[in-house]
Amino acid sequence: MAQHTGCTATNASKKASRPRNPPRSRPRTTARRAPKARRRKAPTEGKPVNKRMERSRRRAAGRRQKRAYQRLSKGVLSLVTRPETEALARKTGYYQREPQQLRAFEFALCCALSAVVEAKRGFASVWRLLGSLAQIEVARSAVTQRFGAGSAKLLEELFVNAVERLPAGGPSELRAKLNDFHEVLAQDGTVLQLSPVLAALFPATRTNVVDAAAKVHVCADVLGRRILGATVTGERESELVELSLQGFTAGTLYLVDLGYTSYDLLRDIQQAGGSVLMRLKENANPTVVGVRQGVRAPRQAVGRKLADLEYCQKQDFDLDARFRCPLEGTTVEMRVVGRWDAKAKCYHRYVTNLPAETWGVEELATLYRQRWIIELLMKLLKSHCHLDHLDTANPEALRTLIYASLLAAVILQSLLVTAAKSAGIPPEQISFLTVGVAASLLVVPLLWLWLDRELSRDELAAMMLRAIAFGCCDQNPGRTRKNHALLS
């Protein structure tokens, strides 16, 4: 018993006296191998497929596609419907007799969608779209005869109805500050060069350069990012007169461009109960009636002219001034603010009747920049809806093509808003101009959906060949053979 105990103690003392392994002074030079990824075994040919999971995937994909079509049908295809178009065609005089092969619905859609396909607008672009996509084989002269007073009135009515149904662009970053206003509107105009034959109806202002020109006046909802209306006049018609004829409503904020400068206009908006924000011209020199900030010796500044003031260096200024209205011989008092631009080292000056208690100088400058929306819409109309490429001397055909471009812009806007809602993103993240660039790629599937036709693989191939054979055929074979010496 004693010997066994001693032996155990001796072994324990040896283990205790054994030195431990010292720590490694250098890390291991060899890196650990990454674990091998598990490879999925390819299913054998005889292995059965999980039919339940496959049916579930197909049903889910079908539901997504159905929701996409429902959104497109509600947001875009409902802008122009066949029953409404046929009723308007009889009302406006588009149908002179019993409707034949060229129906008003297909004609109106091809007029609008051809605006984004071909840069040079005319009868041939509509005829090509009718023959290649809508599959309506008619003579080119038959399409030309459809352009008249009835077609112009039809496209105008369709444009007005589509604008009323156009979905708004969604909330803006300034929506919280602008909840008290009914609408926030901006106006702009663009000049269209026309055929010299139309000089009597649309006289130009610079006759030494252009004989005939028209002007399109557009009104847009800045927050909704959409066109609200448009009128067509001669180039000599004043934009101020056109804006005054539209009238002003109480509770509406007007963002006025520098080209619309008129102190009588400011007085009219204020008397109507509306609000206004406009850039101030460099040569404007009203009388100061009160100073809030940014002006040295504010008490001595009262009663002096705006150009005679001495401003605090690199600071925003805010004051009240009295403007003289030359037409009525009266005056109007407005708020004048200046936002200091450190890069340009100058003031951006604005005139407004918005209260200083709720609208600071920086907020007014940010609000006025929202007017850029209508500039983008006008760019969309001219560059991608080809509003300024009208090749016709017929005044009624000219009005038809103008309203077709306006209707095309409304369709592109509705596509933008519908796509944003479908993707769950704000519409501000989608560019108007990028949608215009992609518009030519969207015409074919959009028109087929509008005409309620299913597009199979065989039909797509036939449509492509038809577009080349019918829509691109030579319209002047005799002249082509004569000029290029083609073999008969």
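**Surface patches and salt bridges**

Reply: Leu455, Leu460 and Met464 form a nonpolar surface patch, with about 260 Å² of accessible area together (Shrake-Rupley method, 1.4 Å probe, only the protein chains shown counting as cover for residues). Patch residues have over 30% relative accessible area and no salt bridge; like charges are joined within 9 Å, nonpolar side chains (Val, Leu, Ile, Met, Phe, Trp, Tyr) within 5 Å. The model is predicted: local features need pLDDT of at least 70, side-chain atom pairs need 80 or more, and totals for chains, interfaces and linings use all residues. Residues are numbered from 1 along each chain as its sequence is written, and side-chain values use heavy atoms, without hydrogens or water.

Leu460 sits in helix α15 (residues 457-469) (helices are DSSP runs of H or I, at least four residues; strands are E, at least two). Leu460 counts as partly exposed because its relative accessibility is 35% (buried is under 20%, exposed over 50%, partly exposed in between).

Helix α15 also holds Asp458. Asp458 has 59% relative accessibility, so it counts as exposed. Asp458 belongs to a negative surface patch with Asp452, Glu454 and Glu459 (Asp and Glu count as negative; a charge is placed at CG of Asp or CD of Glu).

Now the salt bridges. The model has 19 of them (a side-chain nitrogen of Lys or Arg within 4 Å of a carboxyl oxygen of Asp or Glu). One of them joins Glu84 to Arg165, with the closest N and O atoms 2.6 Å apart. Glu84 lies in helix α3 (residues 82-92) and Arg165 in helix α7 (residues 149-165), so the pair ties together parts 81 residues apart in sequence. Glu84 is buried, at 18% relative accessible area. Arg165 is partly exposed, at 36%.

Arg371 bridges to Asp257, with the closest N and O atoms 3.9 Å apart. Both residues are in loops: Arg371 between α11 (361-369) and α12 (372-384), Asp257 between β4 (252-256) and α9 (263-271). The pair therefore ties together parts 114 residues apart in sequence. Arg371 is buried, at 4% relative accessibility. Asp257 is partly exposed, at 24% relative accessible area.

Asp320 meets Arg292 in a salt bridge of 3.0 Å, N to O. Asp320 lies in strand β7 (residues 317-325) and Arg292 in strand β6 (residues 287-293), so the pair ties together parts 28 residues apart in sequence. Asp320 counts as partly exposed, at 23% relative accessibility. Arg292 counts as partly exposed too, at 42%. Shared partners join Arg292, Asp318, Asp320 and Arg335 into one salt-bridge network.

How values were computed. Buried < 20%, exposed > 50% of the residue type's maximum accessible area, 1.4 Å probe, protein only.
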